[in-house]
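Reader: Could we go through this structure together? I would like to start with the charged pairs and then move on to the helix packing.

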Amino acid sequence: MEYTYIDPLYDIGFKLLLGRENVSEEVLMNFLNAVFAGDPELSCIVHLRYLNTEHHGDWKEAKGIRYDIMCETGTGHRFIVEMQKAPQENFVKRGIYYVCRGIAEQGFRGINEDELSWEYDVTPVIGVFLCNFHVPTLPYKTLTRARIIDEETSKPVGDLMRMVFIQLPSFEKREEECESEFDQWIYNLKNMGQKQAVAFQNRNDIFRRVANIGRLANLSPEERRDYETEIKYARDTFNQIKFAMKEGLEKGRAEGRAEGRAEGELLGIEKTAKNMKRRGYSVEDIQAITGLDIKRIELL
C-alpha cells in the first residue's frame, strides 16, 4: 500500500511535521496550545523559535543528548518535545533527565564579572513526551501532567520544570467523538500515517496545514530519501525484535514439552510475557502476542 502522509509516530516523521524551521512553527504552536489548553501560562503561544537539538556533555567523555524538537516561545518558556514509538525502559526517568539537562545547560560556566553576578535566572523548561506504548509507572490514561509540588498542599513549588506524558494507546476515541483540539491532534498523530486523509480539515484550518506539510509528495528529494531510509531501518529493527520474541516463545514451548507439554508451554509463554513487561510493552500487546489472559499478565 502506498501511503499519502508521513507517519509522525516515527522520530523522523514527527520532526518533519512539527520540527522544520520556517515550515512548522504554526503547527507546533497550535499543538502545544492544544496540549496546554486552559493553562493561563502555557496555552497562549503566538511566537516560537527552534533551538539547536544536539547538546554535548559537560566533559569530553560525557554522553550528549539529541532532542527531537526544542524551542523557545514568546511566553518565556523552553519546550522539549519528544516522540517514542517503541517501548523503552526508564522512559519517565529519561524525560526527567532531559528536562533537568535543559535547565542545567542554561547555567554560566565562565568566570567573568557578569557571570559571577548571575543568580540562576533560567528559562522554565517543559517536557512534552509522546509514546506509542503504555508506560508501566504511569496511570493508564492518555495525558499525565507532572511538576514539583508541596506534598501537603499539592500546590506547585516554582515553575522551573514541568512534564507532560501522552500515552497514545490509551486514546481510543473515534473520529466523530473528537471534540477538543487536543483530541483532534492525538487522533491525527495516531492515524495519519496509515490513512489517505488528515481528519478535521473541514473543522480546523490548522489541519489543512498539517496535511500540506505532512504530504509525502511535498517533501524535498533529500527529505523523502532520509524519511524512507529511517522508516525502513525502524521497521527492520521491529521485525527482528518480533522474530526474536517468536523464537524465544517457540524455544520455551520446546523446553516445556520436555518437562511436561502443557505446564512447560505456559511457563515459556509467561517468561516471554515477563520480559515484554520489563521492556514496557502494553498489556494489550502482550496478550495479542502470547495469548495469555489479561489478569494473568497483570499478576506476572
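Predicted model: local features only at pLDDT ≥ 70, side-chain atom pairs only at ≥ 80, totals over all residues.

Reader: Understood. How many salt bridges does a search of the whole structure find?

Author: The search gives 14 salt bridges. One of them pairs Glu-270 with Arg-296, where the closest N and O atoms are 2.6 Å apart.

Reader: What about Arg-174? Which residue does it form a salt bridge with at 3.3 Å?

Author: That partner is Glu-177, with 3.3 Å between the closest N and O atoms. Arg-174 also meets Glu-176 in a salt bridge, at 2.8 Å from N to O.

Reader: Are Glu-176 and Arg-174 buried or exposed?

Author: Both Glu-176 and Arg-174 are exposed. Glu-177, on the other hand, is partly exposed, with a relative accessible area of 33%.

Reader: Let us turn to the helices. At what angle do α2 and α5 pack?

Author: The angle between α2 and α5 is about 120°, and their axes are 8 Å apart. That makes α2 oblique to α5, because 65 to 115 degrees counts as roughly perpendicular and over 145 as roughly antiparallel. The crossing of these two helices is left-handed.

Reader: Which residues make the contact?

Author: From α2 there are Val-27, Asn-30, Phe-31, Ala-34 and Val-35, and from α5 there are Glu-181, Phe-182, Trp-185 and Leu-189. By class, the contact of α2 with α5 has 7 nonpolar residues, 1 polar and 1 charged.

Reader: How do the axes of α5 and α6 cross?

Author: The axes of α5 (residues 181-191) and α6 (residues 205-214) cross at roughly 20° and come within 12 Å. Helix α5 is therefore roughly parallel to α6, because angles under 35 degrees are classed that way. Here the crossing is right-handed.

Reader: And which residues meet there?

Author: On the α5 side they are Glu-181, Gln-184, Trp-185 and Asn-188, and on the α6 side Ile-206, Phe-207 and Val-210. The contact of α5 with α6 comprises 4 nonpolar, 2 polar and 1 charged residues. Glu-181 and Trp-185 are also among the α5 residues in the contact with α2.

Reader: Gln-184 interests me. Is it buried or exposed?

Author: Gln-184 is buried, with a relative accessible area of 5%. Leaving aside residues up to four places away in sequence, Gln-184 touches Cys-178, Glu-179, Phe-200, Arg-203, Asn-204 and Phe-207. Phe-207 is one of the α6 residues in the helix contact.

Reader: A change of topic: the loops. Where is Gly-19 found?

Author: Gly-19 sits in the loop between α1 (11-18) and α2 (25-35). At 28% relative accessibility, Gly-19 is classed as partly exposed.

Reader: What does Gly-19 touch, beyond residues up to four places away in sequence?

Author: Gly-19 touches Phe-14, Ser-24, Tyr-50 and Ile-69. Ile-69 is 50 residues apart from Gly-19 along the chain, and their C-alpha atoms are separated by 5.8 Å.

Reader: Which value is phi of Asn-90 near?

Author: Phi of Asn-90 is near 60°, a positive value in a residue other than glycine. Most residues other than glycine have a negative phi. Asn-90 lies in the loop between β5 (78-84) and α3 (91-104), and is partly exposed with a relative accessible area of 45%.

Reader: And Ser-154, where is that found?

Author: Ser-154 is in the loop between β7 (143-147) and β8 (161-167). Its phi is also positive, near 65°.

Methods:
Residues numbered from 1 in each chain as written. Heavy atoms only, no water. Axes fitted to C-alpha atoms, helices over the stretch in contact; angles between N-to-C directions. Helix = DSSP H or I, 4+ residues; strand = E, 2+ residues; numbered from the N terminus. Left-handed = near helix turned anticlockwise from the far one by under 90°. Contact = heavy atoms within 4.5 Å. Nonpolar A, V, L, I, M, F, W, Y, C, P; charged D, E, K, R; others polar. Buried < 20%, exposed > 50% of the residue type's maximum accessible area, 1.4 Å probe, protein only. Salt bridge = Lys/Arg side-chain N within 4 Å of Asp/Glu carboxyl O.
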